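Hello,

I am passing a structure on to you, and my notes on it follow below. Please have a look at it before you read on.

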Amino acid sequence: MKNQKRIITFIIFLGVFSASYFIGSQSEISQEDALTFQEEFNELIGNIDGIGIFFHNAIVAVPMFIPGFGIAWGIFSAWQTGQAFASLAVLNPIISDIQPLAILYASPFGIMELVAYSIAMSRSALLIHKIIKKIPIKNDYKIIGIEIGIVLALLIGGGFLEAYMIGYAEDSGLVLDI
């Protein structure tokens, strides 16, 4: 019963994260705002490598474990990532032809990040449920530590995979200048 509740909560947050990402991707972004985003984005990723991608994603993911707050943070992070997609789509017509959720579900690192964020957000929900019901969370420290380890492992693997795929795309001439 306990494992079923954990799995169902995880699946719910896969959907919540995906829906929030999709909603963000449907945002109307002006050309000016898209160009501002592009400048900031290019500055952020300049010479980013697998470790840099990992640290960025870990900084986003770890607060998602905070009871209650983690859910709101995860929804906001997903929505903001969707808006980033919308900004890129404004500047590059080829990207605008891609279904936003395809980027999330079709890339191996996208799936790894989605799973990691959903683990963290669902743990946040389970913890807040226990706190509201006045159920001690003292016994949860071990499982939370294991889940944080899983999330970090997914994110480091995803970070290196994403960096590799970006490098390969750049070397192959597949990356378009946006």
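A crossing is called left-handed if the near helix is turned anticlockwise from the far one by less than a right angle, and right-handed if clockwise. The helices themselves are DSSP runs (H or I, at least four residues; strands are E, at least two), numbered from the N terminus. This is a predicted model, in which local features need pLDDT of at least 70 and side-chain atom pairs count only at pLDDT 80 or more, while totals for chains, interfaces and linings use all residues. Residues are numbered from 1 along each chain as its sequence is written, and side-chain values use heavy atoms, with hydrogens and water left out.

Let me begin with the helix packing. By the rule above, helix 3 (residues 50-61) passes helix 7 in a right-handed crossing. Their axes are 10 Å apart and the packing angle is about 25°; axes here are lines fitted to C-alpha atoms, for helices over the stretch in contact, and angles run from 0 to 180 degrees between N-to-C directions. Helix 3 is therefore roughly parallel to helix 7, given that angles under 35 degrees count as roughly parallel, over 145 as roughly antiparallel, 65 to 115 as roughly perpendicular and the rest as oblique. N57, V60 and A61 of helix 3 make the contact with E113, Y117 and A120 of helix 7, where contact means heavy atoms within 4.5 Å. By class, the contact of helix 3 with helix 7 has 4 nonpolar residues, 1 polar and 1 charged. For these classes, Ala, Val, Leu, Ile, Met, Phe, Trp, Tyr, Cys and Pro count as nonpolar, Asp, Glu, Lys and Arg as charged, and the others, Gly among them, as polar.

Helix 7 also packs against helix 4, at an angle of about 150° and with the axes 7 Å apart. That makes helix 4 roughly antiparallel to helix 7. The crossing of helix 4 and helix 7 is left-handed. On the helix 4 side the contact is made by F69, G70, I71, G74 and I75, and on the helix 7 side by M121, S124 and A125. This contact of helix 4 with helix 7 holds 5 nonpolar and 3 polar residues, and no charged ones.

Helix 4 (residues 69-91) has another partner in helix 1 (residues 2-25): their axes come within 6 Å and cross at roughly 40°. Helix 1 and helix 4 are therefore oblique to each other, and their crossing is right-handed. Among the residues in contact are F13, V16 and F17 of helix 1 and I71, G74 and I75 of helix 4. The contact of helix 1 with helix 4 divides into 11 nonpolar, 7 polar and no charged residues.

With 5% relative accessibility, S87 counts as buried; buried means under 20% relative accessible area, exposed over 50% and partly exposed in between, with a 1.4 Å probe and protein chains only. Leaving out residues up to four places away in sequence, S87 touches I29, A34 and F37.

Now for the charged pairs. How many salt bridges are there? The count comes to 3, a salt bridge being a side-chain nitrogen of Lys or Arg within 4 Å of a carboxyl oxygen of Asp or Glu.

- R6 and E147 meet in a salt bridge at 2.9 Å, N to O. R6 lies in helix 1 and E147 in helix 8 (residues 141-171), so the pair ties together parts that are 141 residues apart in sequence. Both R6 and E147 are buried.
- R123 and E147 meet at 2.6 Å, N to O. R123 lies in helix 7 (residues 108-132) and E147 in helix 8, so this pair ties together parts that are 24 residues apart in sequence. R123 is buried, as is E147.
- D140 pairs with K130, their closest N and O atoms being 2.8 Å apart. D140 lies in the loop between helix 7 and helix 8 and K130 in helix 7, so the parts tied together are 10 residues apart in sequence. D140 is buried at 6% relative accessibility, and K130 is buried at 18%.

Through shared partners, salt bridges join R6, R123 and E147 into one network.

Finally, please look at K134, in the loop between helix 7 and helix 8. K134 has a positive phi of about 60° although it is not a glycine. K134 is exposed, with a relative accessible area of 73%.

Best wishes
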